[in-house]
Amino acid sequence: MTTGAMATVVQPARADYQSFNLAPGFTPDPQVGTGLSGGSHRTADCGFTDLPSAPDHVLTVTRPFSFLRASVEAPGDVTLLVDGPDGRYCSDDVNGLMPEISGSWPAGTYYIWIGDFVGNPAGAYRYQLFLSEF
């Protein structure tokens, strides 16, 4: 994982993508979000994503998790970029070509982008984002 800072004002997730408000013990588990990977913004470490001001998903953690897993399934090579109160994380190729970030998640707001390495429109993959305590 890579850490760093994103100095951008981030807006809520686009209406066609899901936002989540979660606390430990949420149901159903997993929570699932969908969308298309990639975008026109090239990151230094996580491929192409939508603009920093347009996350694919917004996750609000209302109480801290001692363990939460964010994983992605897609038909192609995608990345998972999370910017939250404890830093910025990029994941790639944890489960085969699929990304995953897991561990403790403090309370706060997390902005999530699902990227790819080709960029739009050729690199867009339909994906599923899974948020689970297991």
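Some ground rules before the structure. The model is predicted, so local features need pLDDT of at least 70 and side-chain atom pairs count only at pLDDT 80 or more, while totals for chains, interfaces and linings use all residues. Residues are numbered from 1 along each chain as its sequence is written, and side-chain values use heavy atoms, with hydrogens and water left out.

I start with strand 7, residues 78–84. Strands here are DSSP runs of E with at least two residues, numbered from the N terminus. Seven of the seven residues of strand 7 are buried, so the strand is largely enclosed by the rest of the structure. Buried means under 20% relative accessible area, exposed means over 50%, and partly exposed is in between, with a 1.4 Å probe and protein chains only. V78, L80, V82 and G84 point one way from the strand, T79, L81 and D83 point the other way, and all are buried.

What does strand 7 pair with? Pairing requires that DSSP finds at least two bridges between two strands. On one count, six bridges join strand 7 to strand 10, residues 108–116, and the two run antiparallel. T79 stands opposite G115 in that pairing. Six bridges also join strand 7 to strand 8, residues 87–92, again antiparallel, with L81 opposite C90. Strands 7 and 8 form a hairpin, with two residues between them.

The partners are C46 and C90, with their sulfur atoms 2.1 Å apart. The pair links distant parts of the chain: C46 is in the loop between strand 3 (41–42) and strand 4 (48–49), C90 is in strand 8, and they are 44 residues apart. The torsion about the S-S bond is about 90 degrees, so this disulfide is right-handed. Both C46 and C90 are buried.

Now the core. A nonpolar core is a set of buried Ala, Val, Leu, Ile, Met, Phe, Trp, Tyr and Cys residues joined through side-chain atoms within 4.5 Å. The largest one has 23 residues, and those with the most contacts inside it are L59, L80, W105 and L129. Strands 1, 5, 6, 7, 9, 10 and 11 each supply at least two residues of this core. Strand 6 gives the most, with four residues. Leaving out residues up to four places away in sequence, L129 touches several residues, including F20, V32, A70, L80 and I112; contact means heavy atoms within 4.5 Å.

Last, a loop residue. Is G25 buried or exposed? At 55% relative accessibility, G25 counts as exposed. G25 is found in the loop between strand 1 (20–22) and strand 2 (31–36). Its C-alpha atom is separated by 9.8 Å from that of S132, 107 residues apart along the chain.

Technical notes:
Disulfide = S-S within 2.5 Å.
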